[in-house]
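Please work through the exercises below with the sequence and the structure in view. Each task is followed by a solution that goes step by step.

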Amino acid sequence: MKITAAKVIVCCPGRNFVTLKIETDEGLTGLGDATLNGRELAVASYLTDHVVPCLIGRDAHRIEDTWHYLYRGAYWRRGPVTMSAIAAVDTALWDLKAKAAGLPLYQLLGGASRERVLVYAHANGRDIAQTVDEVKRLKSLGYRAIRAQSGVPGIGKVYGVASGDKPYEPADASLPSEHDWDTAKYLRHTPRLFEALRAELGDELHLLHDVHHRLTPIEAARLCKDLEPYRLFWMEDAVPAEDPAAFELIRRHTTTPLAVGEVFNTIWDCKALIERQLIDYVRCTVVHAGGITHLKRIFDFAALHQVRTGSHGATDLSPVCMGAALHLDLAIPNFGIQEHMPHTAETDAVFPHAYRFEGGFMQPGEAPGHGVTIDEALAARYPYRRAYLPVNRLQHDGSLWHW
Ligand code: KDG
Ligand code: MG
């Protein structure tokens, strides 16, 4: 099966997505997600200008070889742009291989290790009461695991909290919007949120929280200790992700499970964290960590060290990524949980898909391949719109902080 053409489709059905479509001489096509929130066109150009010319004429079945051809062949390894581009090619090739076999992708990854994929939802509110109500609403939809984020008194805009009635979407402006931050206010408020949640919802529900990289190691240790009575499923991105020593410090002080990895691109970003058992969940995704081939390598390595998976699944990862992720989730032995932030109706219409939500779990579906397609005519009606993630500044002196 020879690759005859490949093209990059950029569309914005409510938010931007970059999709790679590979065509073959057997008439089959494969899709890969290449979306990198706020830097979409860099990946689109990397693919169109530098990768697509190398793909034409290659054997579409040689997935591993193509991965190394693009990774080693570039000489300049790693980084989110390179790895998202490689991921798109890799995902499209797995889609093709599974379609050629007439099988859903999970069958090629070893078959199902479980019957369904546990997912967690996002609850947020401007204050504790509103967040508690939202958690109750999501629980009534069947979710067994819910991430809770709340507005903090005295802070203008907090990560994960929607303004107005619209679902939360961080890439909210055509130039980066400015948020403000005060760690002390956040550290006082967050234990109250989880105290209220446990009081109202009891012990059964899995509760998660995302700090979004904003604390120092000792602040994170304090928060994790303060939250121990509420038995979190995980504390995510407690500190900036790039420093394994920070996680060592947190670990010394607390038994709250730790999750990190949505900003990682390769196994090298998380190797030390995993082999030293400094985290409990690794959150790398298909799109930003080099595709199915590389993500499976990371997950298999994690399995050796009792680290489970919890792949990133925010709305800035397209349905193509979600479809591929669910097949991997179903197949791997050390799956933990999958993030699920539903896409808008416009996005779902552009990307018809076989996966579905069923009472707190998801199923990738039985369609050959990863089960996600693209309606190109509809996609063309939603041209790219520049959109940035916010930046964050400390309230007391305006210095730039982690967003
Ligand atoms: O583009 C950035 C988002 O993907 C990120 O802010 C979402 O932290 C996130 C999460 O856990 O979903
Ligand atoms: Mg996160």
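**Exercise 1.** Find which residues H253 touches, not counting residues up to four places away in sequence.

Solution. Begin with the contacts: H253 touches I218, A221, K225 and E228, where contact means heavy atoms within 4.5 Å. The C-alpha atoms of H253 and A220 are separated by 9.6 Å, although the two residues are 33 residues apart along the chain. Finally, H253 has a relative accessibility of 36% and therefore counts as partly exposed, given that buried means under 20% relative accessible area, exposed over 50% and partly exposed in between (1.4 Å probe, protein chains only).

This is a predicted model, in which local features need pLDDT of at least 70 and side-chain atom pairs count only at pLDDT 80 or more, while totals for chains, interfaces and linings use all residues. Residues are numbered from 1 along each chain as its sequence is written, chains are lettered from A and ligands numbered from 1 in the order in which they are written, and side-chain values use heavy atoms, with hydrogens and water left out.

**Exercise 2.** Determine at what angle helix α6 and helix α7 pack, and which residues meet.

Solution. Two packed helices are described by the angle between their axes and the distance between the axes. For α6 (residues 183-201) and α7 (residues 217-226), the angle is about 15 degrees and the axes are 9 Å apart; axes are lines fitted to C-alpha atoms, for helices over the stretch in contact, and angles run from 0 to 180 degrees between N-to-C directions. The helices α6 and α7 are therefore roughly parallel to each other, since angles under 35 degrees count as roughly parallel, over 145 as roughly antiparallel, 65 to 115 as roughly perpendicular and the rest as oblique. Turning to the residues, T183, Y186, L187, T190 and P191 in α6 meet E219, L223 and D226 in α7.

**Exercise 3.** Describe the aromatic pair that F17 and F351 form, and say where its two residues lie.

Solution. By the rule that rings of Phe, Tyr and Trp (its six-membered ring) pair if their centres lie within 6.5 Å, with planes under 30 degrees apart counted as stacked, over 60 as edge-to-face and the rest as tilted, the count comes to 11 aromatic pairs. In the pair of F17 and F351 the centres are 5.6 Å apart and the planes stand at 85 degrees, an edge-to-face arrangement. The pair links distant parts of the chain, 334 residues apart, with F17 in strand β2 (residues 17-24) and F351 in the loop between α12 (345-350) and β13 (356-358). F17 is buried, at a relative accessible area of 0%, and F351 is likewise buried, with a value of 0%.

**Exercise 4.** Decide whether H212 and H213 are buried or exposed, and state what their phi angles are.

Solution. Most residues other than glycine have a negative phi. H212, although not a glycine, has a positive phi of about 55 degrees, and H213, also not a glycine, has a positive phi of about 70 degrees. H212 is found in the loop between β7 (206-210) and α7, and H213 has its place in the loop between β7 and α7. With 5% relative accessibility H212 counts as buried, and with 10% H213 counts as buried.

Conventions: Helix = DSSP H or I, 4+ residues; strand = E, 2+ residues; numbered from the N terminus.
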